[in-house]
Amino acid sequence: MSLTVREMTHEDEGQWDEFVRRSPAAVPHHLLGWREVIRNGYGLRPRYLVARNSSGIVGVMPLFEVRSLLQGHHFTTPPGGICAQSTEAGLALLERAQDLVAESGALFLAIRDSRERWDAD
């Protein structure tokens, strides 16, 4: 099945939480409610990524763009990092996140996932 990864759209929002709720790889930080908490509480720009195939969402990556005087411009996930049905979907999300970092001129990408190591350059 063909896999696509893009930034989340309004149309993805209802399916996002459905996917997270049924995924054994999910943690509460994957739910969309955290997007508002982090955006409003810390002023970070959400850049949520979604991986889809013909049957729907197969992976999500909550991602925030950070502009910090201490750490510089970078991207980070909340705790839990990537939530994906397969390694293929997880790596596709990671690849798109790396593209965002390169396109924006950010310094680095921080994936805060203590459960899985995502091997990619």
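Which residues form one aromatic cluster? Select Trp16, Tyr48 and Phe64, which make up that cluster. The model is predicted, with local features requiring pLDDT of at least 70, side-chain atom pairs counted only at pLDDT 80 or more, and totals for chains, interfaces and linings taken over all residues. Residues are numbered from 1 along each chain as its sequence is written, and side-chain values use heavy atoms, without hydrogens and water.

Rings of Phe, Tyr and Trp (its six-membered ring) pair if their centres lie within 6.5 Å; planes under 30 degrees apart are stacked, over 60 edge-to-face, and the rest tilted. The count by this rule is two aromatic pairs.

Keep Tyr48 and Phe64 on screen. Their ring centres are 5.5 Å apart with the planes at 85 degrees, so this pair is edge-to-face. Tyr48 sits in the loop between strand 2 (45–46) and strand 3, and Phe64 in strand 5 (residues 64–68), 16 residues apart. Helices (H or I, at least four residues) and strands (E, at least two) are DSSP runs, numbered from the N terminus.

Next, colour by accessibility: buried means under 20% relative accessible area, exposed over 50%, partly exposed in between (1.4 Å probe, protein chains only). Tyr48 is buried at 3%, and Phe64 is buried at 1%.

Of its 15 residues, Leu49, Met61, Leu63, Phe75, Ile82 and Leu93 touch the most other members. Strand 3 (49–53), strand 4 (56–61) and helix 3 (87–104) each give two or more residues to this core, and helix 3 supplies the largest share, six residues. Last, select Phe19, Ile38, Phe64 and Cys83, which are among the 14 residues of a second, separate core.

Technical notes. Core = buried A, V, L, I, M, F, W, Y, C linked by side-chain atoms within 4.5 Å.
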